[in-house]
Every structure is written in C-alpha cells, then in structure tokens.
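Please look at the structure below with this briefing beside you.

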Amino acid sequence: MSNQILGFAGLGVMGEPICANLLKKSGAEMRVFDPNPAPVERLVAMGATAADSLAALAAGVDILFLSLPGGPQVEQVIRGADGVLAHGREGLLVVDMSTAPVSLTREIGEELAARGIRFADAPVARTRQAAIDGTLSIMVGGPDDVFDTLRPLLGHAASDVTHCGDVGCGQVVKILNNMVLFETVVALSEALSLGRAAGVDPALLFDTLSKGSADSFALRNHGMKAMLPDTFPEHAFPTDYALKDVSYALDLAEFTGFRAPGAELAKARMEKAQAAGYSSEYFPVLARMTDRS
C-alpha cells in the first residue's frame, strides 16, 4: 500500500481525523483538498501534500476518499466541472465515506464505471472521538476485489469494517443504523419527559434503564452524556445533519415500497427542534421538544 498515492477530499468533523489516521498509519503518500484551509494546513504539518484543486487531486491519486456533508456535495464532487468524472484517471478507485442516498450512490457507481473508474461506498458510524481514535464502524458497498483492496486501509480508521454487499449496500446499512438510532433517541426523550413529570429523578431513570433490557448505545451516549446534562454542543452531529439522514431513510422506504412511521416521527421531532432554532446543536436536543396532551 505504501507506493500508492492516496487522496482525501472533505476534511470536516469526520474527514479530518479519518484522513489523519490514514496518513499516520498507512505509510502512503497523501494528498488533500478542502475549501477550508485550516484542516489542510494541519494535515500538511503531519506530512500530507495540499492539492491545488479537486480536479488535480482526482487526476493524480490512485485511491480518492471523500467525506462530505451529504448527497448534493457528493454529486457536485463527482459530476461537477472540476469533479471526478471530468478529471479522474482511468483505474482510479473512489471511496465515498459520506452518507448519501442509495439511488444517487448507485447512479454514480455506474457513471464512474463507464469511465473506467472503480467505486465503493463506505459510510461511517460512531462518534467524532471514534474517528480520532480510529475505532469507527465502516460499512462498505462494492465488489469483492474492491473490498479486498480497501480493507487494510479502512482498518487504519476503524475497528469494524463490514462488507455489506454491492455498491449502495453500505449506504443502506448506514442509513438504517442511523434510523434506528434516531428513533431510539426519540424514545429516550419521551421516557425522560414522562419520568420527570411523574417524579422520578432523570439520572436514576437512565441509570436503571441501562441495567435492563432498555440499555443501548444511544442511552449511554446520547442519553446520559447529552440529554441528562442538557448539553448539546454545536460541533457534534447537528440537527440539520440528522434531519438529512432520516430523510434518506424515508427516501429508502419510498424506494422499497414500505412505510417507516418511526422514522416519520423522528423527522417531525427534528423539524420541531430546527424550527425552535436548534439547527446546529447536537441532535439529541430534540429532547427539549416536549408535548403535553
């Protein structure tokens, strides 16, 4: 792997620490690009090379990792005038670590394949701290040979790397992972409100739930660390991002011909939080959106 040239575009909340782990652990040359100069400068200080443009990055690397806010940004990076379809060289492997709609992911995979460019979706789960620690869970969609190529590299950023199927299947699993998380956070917000109104100490409630069948990652992290102290920082996973992801779950439901009432409820709670001015706060802030009959 060390003689391959890696590229990374999208150095935000998750992208920068993922890129840093790949840079430190892979031994490969790393070229980076982002409109924000600050993370580029930090990675250059660690040994990366700054690319002059996205086009130059796509034209000059062997494997290009993307970590972008969502579908519109992925589409622009792939299909835009300075993007991968226009400038990526034949034989390039593009790895999209963003969370994006399944239909878009599969369309992009086909368009890239027609240009001789390989593609895998590899969205990530867990927290920014997990990205820093290199303990993410990464769900990969792509052919077996592509997964075999990526597995060692992704192992530098994750403790769990799962091959979920062909292109798009990584997105399916990631979107459903987030859907279940969001619905669980809504359930926790209801339990918090009902327990408090009925005279039970919230900390005792959540601690006791963690000892029974209601225990979950969401309870221990989103519930205990954010909802109990009523602390929802802006540089975590904001309401706007969560709303985007739950919308992808509802798109998937429509695509497959199913309804997802739990996801519809989560979306409504997030929209209420957004309307209350909490767009940029950590999404469990939806716990502040209580209703009385």
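Are helices α6 and α9 roughly parallel or roughly antiparallel to each other? They are roughly antiparallel, because angles over 145 degrees count as roughly antiparallel, under 35 as roughly parallel, 65 to 115 as roughly perpendicular and the rest as oblique. This is a predicted model, in which local features need pLDDT of at least 70 and side-chain atom pairs count only at pLDDT 80 or more, while totals for chains, interfaces and linings use all residues. Residues are numbered from 1 along each chain as its sequence is written, and side-chain values use heavy atoms, with hydrogens and water left out.

**Helix α6 with helix α9**

- Helix α6 (residues 102-114) packs with α9 at an angle of about 165°, and their axes lie 9 Å apart; axes are lines fitted to C-alpha atoms, for helices over the stretch in contact, and angles run from 0 to 180 degrees between N-to-C directions.
- The contact, meaning heavy atoms within 4.5 Å, joins V102, T105 and R106 of α6 to C169, Q171, V172 and I175 of α9.
- By class, this contact of α6 with α9 has four nonpolar, two polar and one charged residues.

**Helix α9 with helix α10**

- Helix α10 (residues 202-209) packs against α9 at an angle of about 130°, with the axes 9 Å apart, and that makes α9 oblique to α10.
- On the α9 side the contact is made by L188, A191, L192, G195 and R196, and on the α10 side by P202, L205 and F206.
- The residues of this contact of α9 with α10 divide into six nonpolar, one polar and one charged.

**Helix α10 with helix α11**

- The axes of α10 and helix α11 (residues 217-227) cross at roughly 170° and come within 11 Å, and the two helices are therefore roughly antiparallel to each other.
- From α10, F206, D207 and L209 meet L219, G223, M224 and M227 of α11.
- This contact of α10 with α11 has five nonpolar, one polar and one charged residues.

**The second largest pocket**

- A pocket is, on a 1 Å grid over the protein atoms alone, an open set of points where a 1.4 Å probe fits, with protein on both sides within 12 Å along at least five of seven lines, and its lining residues have an atom within 4 Å of a point.
- The second largest pocket is lined by 13 residues, and E190, S193, L194, T290 and D291 lie nearest its centre.
- Helix α9 (residues 169-197) gives the largest share of this lining, six residues.
- The lining of the second largest pocket divides into five nonpolar, three polar and five charged residues.

Definitions and conventions: Helix = DSSP H or I, 4+ residues; strand = E, 2+ residues; numbered from the N terminus. Nonpolar A, V, L, I, M, F, W, Y, C, P; charged D, E, K, R; others polar.
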